[in-house]
Amino acid sequence: MRPGRTFLFLLAVLLAGCGSPAAVKEAETLPPEGMAAAEVTAAGREAGTTVVTITPPAGWQPVEGSVLDVQYLKGTASFMVKAEDFGGADLEDVVRQAEDIFRKNFADLQMESEPEAVTIDGKDARQLIFTCRVSSIDMKYMYVYLYAADALYVITFADAASTFDDLAGDYRQILETIRFVSASPAGPGGFSPLCGSRCAECR
């Protein structure tokens with residue numbers, strides 16, 4: 001999927017049920033009270049030749065039936081991972097193209113800072129944080145782009161601008177623990193990242 005189409009698709013996902021600032025708070029189901037981090041199991045879904053695995057902090061709920069590779073909600077906050085396609089551009093070109101797309105599609109866009117070089121799962125990545133208005137709602141986003149197994153991925157966090165920073169610790173924990181694991185089939189008796197164990201066919 002081309003980056004412009006991907007952007008519009010993600011925008012549609014984030015706006016589902018969100019017609020006003022009040023609707024942002026009501027659009028998503030709140031997680032169970034007192035849910036401990038230990039009660040949230042590691043999750044992974046296959047994305048092309050890579051399995052994205054995370055152990056989300058307490059309260060993040062997977063979106064059942066999502067067409068995205070990974071999508072979670074916590075209150076009004078959204079976290080997702082998706083394979084991207086910027087035509088094989090390096091990360092510097094990726095962030096430049098991404099900024100152009102954001103400026104064309106978001107109103108009142110304000111970049112919080114220059115693109116930041118970060119490391120995700122031992123891989124070079126670029127982080128963008130910005131605020132904007134979407135359908136009359138003041139929003140804040142964090143986009144993190146990286147290459148894994150020669151494919152480009154974007155990790156996206158989004159919430160109302162007024163509450164985005166409340167989950168800064170969660171975002172940091174997710175970025176520190178997310179893994180992009182090769183989904184190559186295990187050999188006989190080998191460990192399979194697809195199921196996380198020695199599968200019957202691998203024994």
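I began with the aromatic cluster, which is made up of F86, F102, F106, F130, Y141, Y143 and Y145. This is a predicted model, so I kept in mind that local features need pLDDT of at least 70 and side-chain atom pairs count only at pLDDT 80 or more, while totals for chains, interfaces and linings use all residues. Residues are numbered from 1 along each chain as its sequence is written, and side-chain values use heavy atoms, with hydrogens and water left out.

I then searched the whole structure for aromatic pairs and found 16 (rings of Phe, Tyr and Trp, the latter by its six-membered ring, with centres within 6.5 Å; planes under 30 degrees apart are stacked, over 60 edge-to-face, the rest tilted). The rings of F86 and Y145 pair edge-to-face, at 5.9 Å centre to centre and 90° between the planes. I noted that this pair links distant parts of the chain, 59 residues apart, with F86 in the loop between β5 and α3 (91-105) and Y145 in strand β9. Both F86 and Y145 are buried (under 20% relative accessible area; exposed is over 50%, partly exposed in between, with a 1.4 Å probe and protein chains only).

Next I looked at helix α4 (residues 168-177), where D170, Y171, I174 and L175 are buried. They lie on the same side of α4, because they cover an arc of only 130° around the axis (taken from the directions from the helix axis to the C-beta atoms).

Last, I checked phi in residues other than glycine, and recorded positive values near 55° for D108 and near 75° for S136. D108 is exposed at 53% relative accessibility, whereas S136 is partly exposed at 40%.

Technical notes:
Helix = DSSP H or I, 4+ residues; strand = E, 2+ residues; numbered from the N terminus.
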